[in-house]
Amino acid sequence: MPAFNADSAYAYTAKQVAFGPRVPNKPAHTACGKYLVAKLKSFGLAVHEQPFQAMTFDGVQISGLNIIAQYQPTAARRIALFAHWDTRPFADADKQHKNAPMDGASDGASAVATALEIARVLSQQPANLAPNVGVDIILVDAEDWGHDDTTQADVKNQLAGSGTDSWCLGSQYWAKHLVPAGYKAEYGILFDMVGAKGGGLPAKGLAEKCPLGGG
Ligand SMILES: [Zn+2]
């Protein structure tokens, strides 16, 4: 297997950040989505685009796009790799500008970059050494425009009680409208914030031990 190249993954992170915050309905979001689709296609993966409409907790109608890219799409055994490519419109931890969007270098971009680098490495694997599984890179959208009880206690969550969680709107849409139809994986790995200082992917107890929390 060709080696995972950290510099390459970093470059994919920087490229996403250079678009600006990838907040749904903004031009930077659209441009980055096009870049991701083109990049995954350039690696020879079969790419499916799943556009969807959703309403956020603060009443904004957004156009989202889930991007599903399949390596060896005909393989029966499949592994799913998930990351979200949108960025949060609110910098909750910023004392002065908590309602400003953030770059999302770690929260979003670094995970997408990790998936892109895995796709690049897989695409370079010689056919006679290809793994006997397919790999699906599922980049979900509109994950981080959710209601934060601690920083947004003054803002009403209009989705409360609706049956739709305010977070992970793209994941919820994909789960209800699977692409590819009838999709099943043996297992999945969800990446997020892997580029943060001290970030990582502990083998065990991720939810309990990850110092970076959710997202
Ligand atoms: Zn996140």
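**Notebook: a first look around the fold**

I began with burial, and buried residues make up 36% of the 215 residues in the protein. A reminder to myself: this is a predicted model.

**Elements.** Next I went through the secondary structure and found five helices and five strands. Starting at the N terminus, I read their order as α-α-β-β-β-α-β-α-β-α. I then looked up the radius of gyration, which is 17 Å, close to the 17 Å that the globule rule gives for 215 residues, so the protein is as compact as a globular protein of that length. For the extents, I noted that the C-alpha trace spans about 60 × 35 × 35 Å along its principal axes.

**Contacts.** I wanted to know what share of the contacts with a separation of 6 or more comes from residues 24 or more positions apart. These residues account for 74% of such contacts.

**The sheet.** I followed the strands next. The five form an open sheet, ordered β1-β2-β4-β3-β5, with mixed pairing. Which strands stand at the edges? I found β1 (46-55) and β5 (187-190) there; each has a single partner strand, so one side of each is left without a neighbour in the sheet. On average, neighbouring strands are turned by 20° against each other, direction ignored.

I checked β3 and β5, and they run parallel, joined by four bridges. In this part of the sheet, L81 stands opposite I189 in β5.

**Helices on the sheet.** I turned to α3 and saw that this helix packs on the sheet, touching β2, β3 and β4. The direction of α3 makes about 145° with that of β3. I also traced α4, which lies across β1, β2, β3 and β4 and runs at about 60° to β2.

**The core.** Then I looked for the largest nonpolar core and found that it has 38 residues. Those with the most contacts inside it are A83, V112, A115, A119, I137 and L139. The elements giving two or more residues to this core are α1 (6-18), α2 (27-42), β2 (61-71), β3 (78-84), α3 (105-123), β4 (134-140) and α4 (169-176). Which element gives the most? That is α3, with eight residues.

**One residue up close.** I finished with A115, one of the residues with the most contacts inside the core. Leaving aside neighbours within four places in sequence, what does A115 touch? I listed L81, A83, I137, L139 and F191 as its contacts.

Note on methods:
Residues numbered from 1 in each chain as written. Predicted model: local features only at pLDDT ≥ 70, side-chain atom pairs only at ≥ 80, totals over all residues. Rg over C-alpha atoms; globule rule 2.2 N^0.38 Å. Buried ≥ 20, exposed ≤ 12 C-beta atoms within 10 Å, placed from the backbone. Contact = placed C-beta atoms within 7 Å. Core = buried A, V, L, I, M, F, W, Y, C linked by C-beta atoms within 7 Å. Pairing = 2+ DSSP bridges. Axes fitted to C-alpha atoms, helices over the stretch in contact; angles between N-to-C directions.
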